[in-house]
Amino acid sequence: MDSLISALSKLFTQAYEQGLADGRKQPVIEHVIVSREDMPKMFQFSKDTFDDHFRYEKDFPKPLIGKTKWYAPAVHEWLMDHSRNN
């Protein structure tokens with residue numbers, strides 16, 4: 001009986017942790033298009049930081065409109081992916 005309880009406890013813990021991990025992958029950013037000028041308000045970094053460290057990275061999301069507007073959830077996801085790897 002103890003082994004069954006232990007196995008169920010482990011299974012529930014794994015399911016809970018997987019749920020947390022899946023929830024972290026969900027964007028918490030509005031589904032909007034963001035301009036270079038609005039990056040500081042939305043993502044808390046300066047336009048210069050955006051230009052110097054993110055914008056020209058080969059895997060950074062491509063602009064959707066012209067060369068100055070991006071899909072905010074794509075930028076957010078890229079930032080999250082790259083912050084975990086560094």
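What follows is a chat about a predicted model of a protein.

Colleague: What kind of model is this, and how are its residues numbered?
Modeller: The model is predicted, so local features need pLDDT of at least 70 and side-chain atom pairs count only at pLDDT 80 or more, while totals for chains, interfaces and linings use all residues. Residues are numbered from 1 along each chain as its sequence is written, and side-chain values use heavy atoms, with hydrogens and water left out.

Colleague: Okay, how many helices and strands are there?
Modeller: The protein has four helices and two strands. Both are DSSP runs numbered from the N terminus: H or I with at least four residues for helices, E with at least two for strands. Starting at the N terminus, the order is α-β-α-α-β-α.

Colleague: And is the protein a compact globule or more spread out?
Modeller: More spread out, because its radius of gyration is 19 Å, well over the 12 Å that the globule rule gives for 86 residues. That radius is taken over C-alpha atoms, and the rule is 2.2 Å times the number of residues to the power 0.38. The C-alpha trace spans about 65 × 25 × 20 Å along its principal axes.

Colleague: What share of the residues is buried?
Modeller: Of the 86 residues, 23% count as buried. Buried means under 20% relative accessible area, exposed means over 50%, and partly exposed is in between (1.4 Å probe, protein chains only).

Colleague: Let's go to helix 3. Which residues are buried there?
Modeller: F50, D51 and F54 are buried in helix 3. They cover an arc of only 120° around the axis, so they sit on the same side of helix 3. The arc is that of the directions from the helix axis to the C-beta atoms.

Colleague: What's on the face turned away from that buried side?
Modeller: That face of helix 3 carries the exposed residues D48 and D52.

Colleague: You said D51 is buried. Which residue does D51 meet in a salt bridge?
Modeller: D51 pairs with R55 through their side chains, at 3.1 Å from N to O. A salt bridge here is a side-chain nitrogen of Lys or Arg within 4 Å of a carboxyl oxygen of Asp or Glu. D51 counts as buried at 17% relative accessibility, and R55 is buried too, at 18%. Salt bridges that share partners join R36, E37, D51 and R55 into one network.

Colleague: Why would side chains like that pair at all?
Modeller: Side chains of opposite charge can pair when their charged atoms come close.

Colleague: How many salt bridges in total, and what about R36 and E37?
Modeller: The count comes to four salt bridges. R36 and E37 meet in one at 4.0 Å, N to O. R36 is buried, with a relative accessible area of 17%, whereas E37 is partly exposed at 46%.

Colleague: And which partner does D38 have?
Modeller: D38 forms a salt bridge with K41, where the closest N and O atoms are 3.2 Å apart. D38 is partly exposed at 30%, and K41 counts as exposed at 62%.

Colleague: Last one: where is L8, and is L8 buried or partly exposed?
Modeller: L8 is in helix 1 (residues 2–25), and L8 is partly exposed, with a relative accessible area of 36%.
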